[in-house]
Amino acid sequence: MRCITLQHIEVYNTLLINGVYKASYDFVSENLIKPYKFMQEQLGFESTPIFLSPVSFYVEMGGAKTTGELMAMEFDVPSECVNIQRYYDWSDLIYFMGLPWEFDGEIGSKKFKSVEDWGKTILNINKQITKEIKDPLQVTVPFLKREWLVYKTRDIDKLVDNHCDTGGRKRLDRLNTYD
């Protein structure tokens, strides 16, 4: 699956030198550590989840850092490494993990015992995805590999303008279309 991510330039440098990049919790905001660790445990990752946006789908990149020494990278990730979530379900999970008393257990027509019980159902919806889906999606992987990298750019302005804090109203194109 073609996916794009915005990362610090050091992620790219690590890929070049080591051939693989695994994230750590060193740069994760305090309010995200619990949901990230929950995701890591549920998906069986050995390291911090890495977030990407799937090409050809509606995306919202609102959580991405958009300032500093950044690199946009497009990867062709093998399907067995891809875990897909609805962006806004993940955002809600972050919220409810921070304020669990706000969670009433009802999501749509389904009833859940706890935030975590609901969270388990949203972390990998690969089998539910079709090209017709209108919800903004995100992809998580346990690591990135140099051999998956197909395109990179430091010119991120157009990508950010089209997909960061825009409500997920646009489909993501291949990265070279944003240069």
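Nine aromatic pairs are counted in this predicted model. One of them joins Tyr87 and Tyr88. A cluster of linked rings includes Phe96 and Trp118. Phe96 lies in helix H3 and Trp118 in helix H4, and both take part in the contact of these helices.

**Aromatic rings**
- The ring centres of Tyr87 and Tyr88 are 4.9 Å apart.
- Their planes stand at 90°, so this pair is edge-to-face; the cut-off for that class is over 60 degrees.
- Ring pairs also tie Tyr95, Phe96, Phe103 and Trp118 into a cluster.

**Exposure of the tyrosine pair**
- Tyr87 has a relative accessible area of 13% and is buried, because buried means under 20%.
- Tyr88 is partly exposed, at 38% relative accessibility.

**Helices H3 and H4**
- H3 spans residues 87–98, and H4 spans residues 115–122.
- Their axes come within 10 Å and cross at roughly 160°.
- The two helices are therefore roughly antiparallel to each other, as angles over 145 degrees fall in that class.
- The crossing of H3 past H4 is left-handed.

**Residues in the helix contact**
- H3 contributes Asp89, Trp90, Asp92, Leu93, Phe96 and Met97.
- H4 contributes Val115, Glu116, Trp118, Gly119 and Ile122.
- By class, the contact holds seven nonpolar residues, three charged and one polar.

Note on methods:
Residues are numbered from 1 along each chain as its sequence is written. This is a predicted model: local features need pLDDT of at least 70, side-chain atom pairs count only at pLDDT 80 or more; totals for chains, interfaces and linings use all residues. Side-chain values use heavy atoms; hydrogens and water are left out. Axes are lines fitted to C-alpha atoms, for helices over the stretch in contact, and angles run from 0 to 180 degrees between N-to-C directions. Helices (H or I, at least four residues) and strands (E, at least two) are DSSP runs, numbered from the N terminus. Angles under 35 degrees count as roughly parallel, over 145 as roughly antiparallel, 65 to 115 as roughly perpendicular and the rest as oblique. A crossing is left-handed if the near helix is turned anticlockwise from the far one by less than a right angle, and right-handed if clockwise. Contact means heavy atoms within 4.5 Å. Ala, Val, Leu, Ile, Met, Phe, Trp, Tyr, Cys and Pro count as nonpolar, Asp, Glu, Lys and Arg as charged, and the others, Gly among them, as polar. Rings of Phe, Tyr and Trp (its six-membered ring) pair if their centres lie within 6.5 Å; planes under 30 degrees apart count as stacked, over 60 as edge-to-face and the rest as tilted. Buried means under 20% relative accessible area, exposed over 50%, partly exposed in between (1.4 Å probe, protein chains only).
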